[in-house]
Amino acid sequence: MAVTPQASAQSYPIKPVRLIVPYPAGASITAREIANAFTQELGQQFIVDHRPGAAATMGHALVSSAAPDGYTIGIGTTGGLVSGPALLGNRIPYDPLRDFTHIGLATYIYYALFVNASSPARTVADFIKLAKASPGKLNYSSPGVGTPNHIGGAQLVTLAGIDLLHVPYKGSGLSLSDLIAGTIHLTITGFSSTMPHIKAGRLRVIGVGHTQRIKFAPEVPAVNETIPGYYNTGWWGLIAPPGLPKSISEKLNSIMNKALQSPEVAQRFFAVGNESATSTPQGYADLIRSDLQAWRKLIKEAKISVDSLP
């Protein structure tokens, strides 16, 4: 006799679950917290599987093509569900709305502009002035072509009218090492990977990409205070293949929301510059839809294309 989706949700999971993260190891506090919460609540291992590549779209593609049985789920990110699709369109092998089950939002990741502590640029305006004085001589790094970090740099180039060389890396580790060494002049990334270097006096943050100043670093101006219209806010959520039974999606959403509302988890996120968040499955899908519209508009107005990206 076939097991109904309702019955399978009641007993789910009966074996370990793979949680795909579309980034390298070391970038997954959100994934670890979610996996731990599910493991503790459901009594099966949720195994974090890092699958980086192609501006986070490789990991998302693996999730979208998996069986919708709840045993392959994934972290859905701004890069894989918004900026990449908005920029690359049908070059990506999935539709960010149609080809996933959207389980829920997990955390906001605030991207910011970082420079070497010895850089003469102490503000966004300072950096723009330096770039205009030496057109084509300064560069910025990102963890890959088409990432929110990359498009954040392209926005800076276009909206500020400056000429910077884009240097893509596979992940943020080597990029930050080169920023500290002085071979990279600016990088756009989140706070979690930069906090040790900021505390050690090796890096300085000059602006955040959110629409306003953030609680984690209220002294740091938003970039759009200098460059009106600049926007670069990221988030992570939980996704599954299309067709996942609604009862399983709602079960995972409920457990994840409960864990993320914990003061202890919220504090661990805050300590690395992230902000825990919760939503319904529909709320997460609506966020993706609205951000897709915003990023497509931004990319069009800033005249950013695959061929024009610096």
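Tutor: The protein averages a pLDDT of 91, and 95% of the residues score at least 70; pLDDT is the predictor's confidence in each residue, from 0 to 100. Over residues 1-7 the pLDDT is below 50. This is a predicted model, in which local features need pLDDT of at least 70 and side-chain atom pairs count only at pLDDT 80 or more, while totals for chains, interfaces and linings use all residues. Residues are numbered from 1 along each chain as its sequence is written, and side-chain values use heavy atoms, leaving out hydrogens and water.

Student: Why is threonine 187 called buried?

Tutor: Its relative accessible area is 2%. Buried means under 20%, exposed over 50%, and partly exposed in between, with a 1.4 Å probe and protein chains only, so threonine 187 counts as buried.

Student: What joins the side chains of threonine 187 and serine 141?

Tutor: A polar contact of 2.6 Å. The term asks for a pair of N or O atoms within 3.5 Å; within protein, one must be able to donate a hydrogen and the other to accept it, and residues adjacent in sequence count only if both atoms are side-chain atoms.

Student: Which aromatic pair is edge-to-face, and what makes it so?

Tutor: The structure holds nine aromatic pairs. In the pair of tryptophan 235 and tyrosine 284, the ring centres are 5.6 Å apart and the planes are at 80 degrees. Rings of Phe, Tyr and Trp (its six-membered ring) pair if their centres lie within 6.5 Å; planes under 30 degrees apart count as stacked, over 60 as edge-to-face and the rest as tilted. The pair is therefore edge-to-face. Tryptophan 235 sits in strand E10 and tyrosine 284 in helix H11 (residues 281-301), 49 residues apart. Helices (H or I, at least four residues) and strands (E, at least two) are DSSP runs, numbered from the N terminus.

Student: How do you know that the length of helix H9 agrees with what it should span?

Tutor: The expected span is 1.5 Å times one less than the number of residues. Helix H9 (residues 246-260) has 15 residues and should span 21 Å; its end C-alpha atoms are 21 Å apart, so the two agree.

Student: What makes lysine 15 lie over the face of tyrosine 71?

Tutor: Lysine 15 is at 4.8 Å from the ring centre. A charge sits over a ring if NZ of Lys or CZ of Arg is within 6 Å of the ring centre and within 35 degrees of the ring normal.

Student: Why is helix H3 described as mostly covered?

Tutor: Six of the eight residues in H3 (residues 57-64) are buried, among them His60 and Val63.

Technical notes: Contact means heavy atoms within 4.5 Å.
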